[in-house]
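Dear colleague,

Please find below the structure I promised to pass on to you, together with its sequence.

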Amino acid sequence: LTLKELVVADGPLNAGRVIRLMTQVCGSLAEAHEAGLVHRDIKPANVMVSYRGGLGDFVTVLDFGLVKPVRKTEDRELTVPGGFFGSPGFISPETVSGDPVDSRSDLYSLGATAWYLLTGREVFEGETGFQTCMKHVQEPARPPSEFLPVPTDPDLEHLLMQCLEKEPRKRPASARHLIASLGKCKAAADWSDQQAAEWWNRHLQETQFRAEDETDATFVLIDD
């Protein structure tokens with residue numbers, strides 16, 4: 001499943017599971033960033049989660065089609081400013097504005113992705129894609145707890161709001177720094193390997209039953 005399909009199928013995720021998923025995405029981003037690459041299109045539909053070798057919630061980052069190499073300028077890693085790329089719901093403000101983009105742009109998009117996982121909705125929603133993009137530039141993000149029936153982990157919420165800062169310098173310094181901070185969140189231990197495996201076992205069974213029902217179903221039209 002992509003993370004988008006996961007939320008559509010099962011609803012918003014608990015904080016512990018979000019932390020687990022974010023940490024793995026950060027690992028992939030750290031590897032890309034340290035190789036001098038910026039993804040530029042992190043979003044729920046571009047992150048796959050699966051059950052592999054008995055390990056639940058195994059994350060794979062997909063679609064490096066917008067990836068761009070970076071160059072060193074004044075001790076900062078920057079992409080050469082160019083065209084308008086990205087997905088409106090998860091695009092960074094600097095991408096919309098046409099400003100130089102570096103690895104912290106991916107952290108903004110990851111923050112928006114985690115916000116979606118917690119709430120089941122996007123940080124900003126406009127009537128058009130352009131309006132949504134402009135909201136990323138002009139409007140402050142609201143804490144996810146405002147859209148939840150119960151409070152979420154305040155440590156996680158703080159990190160998400162930091163990722164969603166308009167100015168890149170106010171975001172976490174790197175994906176590695178974000179991994180370390182996620183590990184310190186109170187809810188980090190709230191989603192275990194066993195819970196992930198149990199969820200996937202249930203999901204696979206339900207998927208199998210749905211497939212069998214669709215294959216063997218008999219439809220009878222009853223005229224009242």
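A contact here means that heavy atoms lie within 4.5 Å of each other. On that basis, and bearing in mind that this is a predicted model, 68% of the contacts in the protein between residues at least 6 apart in sequence join residues at least 24 apart.

As for the overall make-up, the protein has eight helices and six strands, and along the sequence these follow the pattern α-α-β-β-β-β-β-β-α-α-α-α-α-α. Of the 224 residues, 43% are buried, while the accessible surface comes to about 11,800 Å², with 52% of that area belonging to carbon and sulfur atoms.

Among the strands, β2 (residues 47-52) and β3 (residues 55-61) pair in the antiparallel sense over five bridges, and Ser50 has Phe58 in β3 as its bridge partner. The hairpin that β2 and β3 form has two residues between the strands, and in this hairpin Gly53 takes a positive phi near 55°.

The other site I would like to describe is Ser92, which is placed in the loop between β6 (76-78) and α3 (93-97). Ser92 counts as buried because its relative accessible area is 0%, where the cut-off for buried is under 20%. Leaving aside residues up to four places away in sequence, Ser92 touches Ser105, Tyr108 and Ser109, and the side chains of Ser92 and Ser105 are joined by a polar contact of 2.7 Å.

Terms used: Residues are numbered from 1 along each chain as its sequence is written. This is a predicted model: local features need pLDDT of at least 70, side-chain atom pairs count only at pLDDT 80 or more; totals for chains, interfaces and linings use all residues. Side-chain values use heavy atoms; hydrogens and water are left out. Helices (H or I, at least four residues) and strands (E, at least two) are DSSP runs, numbered from the N terminus. Buried means under 20% relative accessible area, exposed over 50%, partly exposed in between (1.4 Å probe, protein chains only). Accessible areas come from the Shrake-Rupley method with a 1.4 Å probe; for residues, only the protein chains shown count as cover. Two strands pair if DSSP finds at least two bridges between them. A polar contact is a pair of N or O atoms within 3.5 Å; within protein, one must be able to donate a hydrogen and the other to accept it, and residues adjacent in sequence count only if both atoms are side-chain atoms.
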